[in-house]
Amino acid sequence: MILTPGDLLRRAVPMPDTEIPPGTLLTLPGRGSTYVTDVAGPTPDSPTVVLLHAFACTGMLCWFPSVAALSEHFRVVTFDQRWFGQGFTEGDFTLQDCAHDVAAVVNALELGPVIVAGFSMGSLVAQRVWRQHPGVVAGLVLGATSDRFANTRSERVFHGGLQLSMAAARTLNQSRIARTAGRGAAAALDLEPDDVYRWALAEFRSISPWALGPAIAAIGRHHSTPWLREIDVPTAVVVTAHDRVISPSRQEQVAALVPGATVHVVEGGHASVVLQADKFVPVFVEACLTTAQRTRKAVS
């Protein structure tokens, strides 16, 4: 018997078997286009959560296990951040530009103030959205987050070296060849719509390798410690208690710095957002609901 890549992935990685909502390309002047999913909540006036994905993911690849549970309470929007999947390709990759992109998507979809929720890299972008565009943020949910990186000499050397590759990576990523190769990966696999494993493999293959170095370099420059105490919207921090990528102590440090932040603990690691969804999703939904309740009290 010949095993396909999807068969091998199914044997190696336990993932939740769930329906993948359809999406569409949203084109914005000066940015290009990005792939957006927009799932309605239970009522027309349900609060909106905009989900920001982790490094080396796409919007739906990171969040597909969470969307259905969240949509029982919220309108749920995901999109591919710049240089990842079918995300924007115009301009550099910086967390500041990613935050501008979030505000542009929120405004283009006329969402109004939203709960901005991010995981890992997405949580850093979420912090910057509040910093740069406070008017679009009703609340924050920060999963597997940190206030800074490059704390040790080895981390600084690693991130600094990646910064040197940014100019070349940008040129390659924006080339016609790189864009075509990345965005054509899903079609090349001839996917069945109900095969979540083959879909996930296609999503992963759609990520341009030229985005990874600049993204890691941008993450290495992140330093929000000086202004986290200024955050004035309801905030929840979702701590992945067995995380070996971002230590729980770093995540707890963010919660300690943000005034009034609530803490919600997932008994899982950094990949729990997908691979331990049974543990992650209920806690994450609770964090979003807590933030939404606090947001309603703040405006009443």
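These exercises walk through the sheet, core, salt bridges and aromatic rings of one structure.

The model is predicted: local features need pLDDT of at least 70, side-chain atom pairs count only at pLDDT 80 or more, and totals for chains, interfaces and linings use all residues. Residues are numbered from 1 along each chain as its sequence is written, and side-chain values use heavy atoms, leaving out hydrogens and water.

**Exercise 1. Describe the open sheet and its edge strands.**

Step 1. Take the terms. Strands (E, at least two residues) and helices (H or I, at least four) are DSSP runs, numbered from the N terminus. Two strands pair if DSSP finds at least two bridges between them.

Step 2. Read the order. The open sheet has eight strands in the order 1-2-4-3-5-6-7-8, and the pairing is mixed.

Step 3. Find the edges. Strand 1 and strand 8 (262-266) each pair on one side only. From one strand to the next, the twist averages 25 degrees.

Step 4. Look at one pair. Strand 5 (residues 114-119) and strand 6 (residues 137-143) run parallel, joined by six bridges. Here V116 stands opposite L140.

Step 5. Helix 3 lies across strand 1, strand 3, strand 4 and strand 5, at about 105 degrees to strand 1. Such angles run from 0 to 180 degrees between N-to-C directions, with axes fitted to C-alpha atoms, for helices over the stretch in contact.

**Exercise 2. Find the residues that touch the most other members of the largest nonpolar core.**

Step 1. Define the core. It is a set of buried Ala, Val, Leu, Ile, Met, Phe, Trp, Tyr and Cys residues joined through side-chain atoms within 4.5 Å. Buried means under 20% relative accessible area, exposed over 50%, and partly exposed in between (1.4 Å probe, protein chains only).

Step 2. List the residues. The largest core has 50 residues, and V50, L52, F93, V116, V129, V137 and L140 touch the most other members. Helix 3 (residues 95-108) gives the most to this core, eight residues.

Step 3. Check one member. Beyond four places in sequence, L140 touches residues including V116, W130 and I231. Contact means heavy atoms within 4.5 Å.

**Exercise 3. Trace the salt-bridge network that holds D101.**

Step 1. Set the rule. A salt bridge is a side-chain nitrogen of Lys or Arg within 4 Å of a carboxyl oxygen of Asp or Glu. The count comes to four.

Step 2. Take one partner. R31 bridges to D101, with the closest N and O atoms 2.7 Å apart. R31 lies in the loop between strand 1 (24-28) and strand 2 (32-39) and D101 in helix 3, so the pair ties together parts 70 residues apart in sequence.

Step 3. Take the other partner. D101 also meets R82 in a salt bridge (2.7 Å, N to O). R82 sits in the loop between strand 4 and helix 3, 19 residues from D101.

Step 4. Join them. R31, R82 and D101 form a linked network. D101 and R82 are both buried.

**Exercise 4. Classify the ring pairs F119 with F280 and F280 with F284.**

Step 1. Set the rule. Rings of Phe, Tyr and Trp (its six-membered ring) pair if their centres lie within 6.5 Å; planes under 30 degrees apart count as stacked, over 60 as edge-to-face and the rest as tilted.

Step 2. Take F119 and F280. Their centres are 5.6 Å apart with 85 degrees between the planes, an edge-to-face pair. F119 is in strand 5 and F280 in helix 13 (residues 277-299), 161 residues apart.

Step 3. Take F280 and F284. Their centres are 5.3 Å apart and their planes at 20 degrees, so the pair is stacked. Being four residues apart in helix 13, F280 and F284 are separated by about one helical turn.
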